[in-house]
Amino acid sequence: MAVNKVPVLKRCRSLDLDPVYLGIDKKSRRKLNRANRKLSEYGLQLREKQKAKFIYGVLEKPFRNYFKRADKMKGISGENLMILLERRLDNVIFRLGFARTRREARQIVDHKNICVNGKVVNIPSYLVKAGDTVEIREKCKGSQRYKDILEITSGRMVPEWLEADGENLKGVVKELPTREVIDSPVNEMLIVELYSK
């Protein structure tokens, strides 16, 4: 499997992204020196695409597939793309506060610690639907790991389209998200322009 080994804060600096969106509290004191180089239109579009890929931890080929799927759906392609990315199981685990970062959420899903509607799911890209119940498996609920995670993530806001039950390590997808409730700092219209060339 392809793994991005670029240091996270360095990548955040290059994409002009706040690490808080990744669930990381650290700040980089360094400034990015671009020697007054102005980004071209293509450069801006590419940076937005890279930003979306980096935030959600998606590689190029699956990202392109998400875009094709979003393009076929009713409505605006860019908004559909962001909604599809937000519905990923690893992102939902992160949003519910059962993981500190999306990378950790991905690992939790990979290790078969998650049940969706009572069935074990180990596919991070699994798309949740409205009404789905997402929970940590019974045998893992007593683990010290999740107690530590909940301590750290207890102050994090759970989006209004999700309902979290921290005591039982359970969450419900009340409805599908809309673009207005997705707080990712991505201008999806630039991604649409990039792919429509």
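**Figure 1. Buried residues in the predicted model.** Of the 197 residues in the protein, 44% are buried; buried means under 20% relative accessible area, exposed means over 50%, and partly exposed lies in between (1.4 Å probe, protein chains only). The structure is a predicted model, in which local features need pLDDT of at least 70 and side-chain atom pairs count only at pLDDT 80 or more, while totals for chains, interfaces and linings use all residues. Residues are numbered from 1 along each chain as its sequence is written, and side-chain values use heavy atoms, with hydrogens and water left out.

**Figure 2. Helices and strands of the protein.** The protein contains nine helices and five strands. Both are DSSP runs numbered from the N terminus: helices are H or I with at least four residues, strands are E with at least two. Their order along the sequence is α-α-α-α-α-α-β-β-β-α-α-β-β-α. The radius of gyration is 17 Å, close to the 16 Å from the globule rule for 197 residues, so the protein is as compact as a globular protein of that length. This radius is taken over C-alpha atoms, and the rule is 2.2 Å times the number of residues to the power 0.38. The C-alpha trace spans about 55 × 45 × 30 Å along its principal axes.

**Figure 3. Helix α5.** Helix α5 covers residues 89-96, and eight of its eight residues are buried. These are L89, D90, N91, V92, I93, F94, R95 and L96. After α5 comes G97, which has a positive phi, near 90 degrees.

**Figure 4. R95 and its contacts.** R95 lies in helix α5. R95 has a relative accessible area of 10%, so this residue is buried. Which residues is R95 in contact with, leaving aside its neighbours within four places in sequence? They are Y56, E86, R102, M157, V158, P159, L162, D183 and S184, where contact means heavy atoms within 4.5 Å.

Figure 5. A disulfide is a covalent bond between the sulfur atoms of two cysteines. Here it is counted when a pair of cysteine sulfur atoms lies within 2.5 Å. The whole structure holds zero disulfides. C115 counts as buried because its relative accessibility is 10%. C12 also counts as buried, at 2% relative accessibility.
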